Amino acid sequence: MDDGTAKVFALTVTDPVKNMKKLANGINLNVLTTDKFQSVKIVAEFYAPFEKGTAANRALLAQILEDSSAFFPNRQLLTKKLNTLYGAHFSVSTSRFGRLSKLRFALKIPSPQAAGDQQLLAKSFNFLSGQIFNPLIVDGLFPEHLFENEKQNFLSEFLANFDNKSYKLHDLILKKYFVNPDFRIQPEGSPLSIRQLTNETVVSAYHAMLANDEMSLEVAGLPSELEVEKLVASWPNVSQNSRPIPNPVYTQAVKPDQFAELHEKGDQALLERAYNFLDYDYLTQQRYTAMVFSRLFGGSSQSLLFLNIREKLHLAYYANSTFFAVDGWMTVQAGLDKDNVELVKNEIDLQLERVKKQDFSNDLFTTIKEELVAAIQAGEDYEETAIEKSINAFLTGYALSSSQIIAVIQSVTPQQVADFAKKSVKQAEAVLINED
């Protein structure tokens, strides 16, 4: 009997570490030289363990570094500089990737050939270096007015997310699902942790990032590795105190199912569930069996949840599933009338049972896999896709080419998906009941 994984091909798995070149200054460099794109994407990332005690500091730090530097003290001057780089797009952000916190600097410029400026690459790397290594820190702190404005804007934007009922319900699901307390918060932290931020703690987070975080630099476009290496060889040292990047993959044991209910004014009720997967392994081809399962169950406009709960029975305004691969869990979300909550719960259970029993057509199964393949092929047209694949491979030590991934997905059978569905265990449920 199949164990729920796709048929394992004798694939040559790329060693992602060999694609990275460790420079003398501590930067892990990978250059994806190609003429496929009309632009150049540069991504510098810093990696640290994700912890609730440091999440807000790193998130506010990212916002400050996006808006200012010693060379460009405010956003207006920074924007003028980006215009001289032919309308370059620059951003700094944080996110959680499994057990890791990622602080990302991203810069996208036209290719120097298209812009007719052979110095554009050098000017762009010089700009990026300034934003990373020359923050607007004066006498050991950010200017107080800058810090307070950025903190207030950051807090206001964060709190505004909770006006979105779906965001608010998902925030509750995080608290109910995760055993690890670090993962029960949003990547930006919590309202309390943001309010407690000080100038000193954010500056300390910056210095800790340079000294302790492992750093990668990915470049996709026409530049050669030699060109890029020359441009960053003079960058300051990083990662002097860093340790090997820990495995970012997170799994947790099955625990008792938890339930929560909110009552708020609004136009519709909301339902969200969280499922864990027994014996799930992100670092194998089983990841792609899970992707097919989630898409068939609720991750597509052709999925069982969408076709039955929304289109056939008209019980919900929407019903879908989202698979979080590196954490090994899945959510199901639905927007509905409060009178239909129990009916929708039962129907979700019924559709999951259908997957477990292979009660779906071969045509639907083929369509779902074709959608996945088409999405992978479409992603090949974007630098971001190439960079994300390279970074994820570097962090996890597991990498397949797009053609290998497509071959694995095409090999997945209905029986394997049914067996995988049997490993899904509901762990949390939250309902938001709208009041008139």
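Reply: Happy to! Let's start with Glu 383, which counts as buried at 6% relative accessibility (buried is under 20% relative accessible area, exposed over 50% and partly exposed in between, with a 1.4 Å probe and protein chains only). A word on the ground rules: this is a predicted model, in which local features need pLDDT of at least 70 and side-chain atom pairs count only at pLDDT 80 or more, while totals for chains, interfaces and linings use all residues. Residues are numbered from 1 along each chain as its sequence is written, and side-chain values use heavy atoms, without hydrogens or water.

The partner of Glu 383 is Lys 108, and their side chains meet in a salt bridge at 3.7 Å, N to O (the term asks for a side-chain nitrogen of Lys or Arg within 4 Å of a carboxyl oxygen of Asp or Glu). This pair links distant parts of the chain, with Lys 108 in strand β5 and Glu 383 in helix α15, 275 residues apart (helices are DSSP runs of H or I with at least four residues, strands are runs of E with at least two, and both are numbered from the N terminus).

Now step along to Glu 384, which forms a salt bridge with Arg 104, the closest N and O atoms being 2.8 Å apart. Glu 384 belongs to helix α15 (residues 383-396) and Arg 104 to strand β5 (residues 100-110), so this bridge ties together parts 280 residues apart in sequence. Here Glu 384 is partly exposed at 27%, whereas Arg 104 counts as buried at 11%.

A further pair is Arg 58 with Asp 213, whose closest N and O atoms are 2.8 Å apart. Arg 58 lies in helix α2 (52-67) and Asp 213 in the loop between α9 (199-212) and β6 (214-221), so parts 155 residues apart in sequence are tied together. Both ends are covered: Arg 58 is buried at 6%, and Asp 213 is buried at 4%.

To zoom out, a search of the whole structure finds 28 salt bridges. As for the overall charge layout, the mean positions of the 43 positive and 53 negative charges are 2 Å apart (Lys and Arg count as positive, Asp and Glu as negative, with His and the chain ends not counted; each charge is placed at NZ of Lys, CZ of Arg, CG of Asp or CD of Glu).
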